[in-house]
Amino acid sequence: MKKLKLKELESCLQQVDTFESPKLLLEQYPTRPHIAGMDMIFLKTALQMAKTAVYSLHKTATRQHIQKKADEWEVKMEVIAELRYDLPASYKFHKKKSVDIEVDFIRFSAK
């Protein structure tokens, strides 16, 4: 697996072919959460590709930041549901078997 730098990834994403009229656009980014800003790059790309709406999950603690980005990109952001997600430990250095995190299920659409 080749490791990409952020600028290389952004360049690759700009070359992705789009569907003519997708009925559903799913966003999933295969990155660790500590890669700052990666989720926003994927979200922005999804918004550029979508014709109607993009649905996405984000930690509730980041809601203000997500709203700021939505305003910057001139899209409407609506929190559809507030969820609790049981995140299991995935690394040896994790001290707890799992952690409950609060997550927002968000719908983004044109204003």
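Predicted model: local features only at pLDDT ≥ 70, side-chain atom pairs only at ≥ 80, totals over all residues.
The largest nonpolar core comprises twelve residues: Met40, Leu43, Ala46, Leu47, Val54, Ile66, Ala70, Trp73, Val75, Met77, Ile106 and Phe108. At least two residues of this core come from each of helix H2 (38-49), helix H3 (63-72), strand S2 (75-88) and strand S3 (98-110). The greatest contribution is that of H2, with four residues. In soluble globular proteins, nonpolar side chains tend to be buried together. Within the core, Val75 contacts Leu47, Ala70, Phe108, Ser109 and Lys111, when neighbours within four places in sequence are set aside.

Five salt bridges are present in the structure. One of them joins the side chains of Glu82 and Arg63, with an N to O distance of 3.1 Å. Because Glu82 belongs to strand S2 and Arg63 to helix H3, this pair ties together parts 19 residues apart in sequence. Glu82 is exposed, at a relative accessible area of 59%, whereas Arg63 is partly exposed, at 27%.

A salt bridge is also formed between Asp100 and Arg84, whose closest N and O atoms are 3.6 Å apart. Asp100 is located in strand S3 and Arg84 in strand S2, so parts separated by 16 residues in sequence are tied together. Asp100 is partly exposed, with 43% relative accessibility, and Arg84 is exposed, with 53%. Glu102 is partly exposed, its relative accessible area being 45%. Salt bridges with shared partners also join Arg63, Glu82 and Asp104 into one network.

Note on methods: Residues numbered from 1 in each chain as written. Heavy atoms only, no water. Core = buried A, V, L, I, M, F, W, Y, C linked by side-chain atoms within 4.5 Å. Buried < 20%, exposed > 50% of the residue type's maximum accessible area, 1.4 Å probe, protein only. Contact = heavy atoms within 4.5 Å. Salt bridge = Lys/Arg side-chain N within 4 Å of Asp/Glu carboxyl O.
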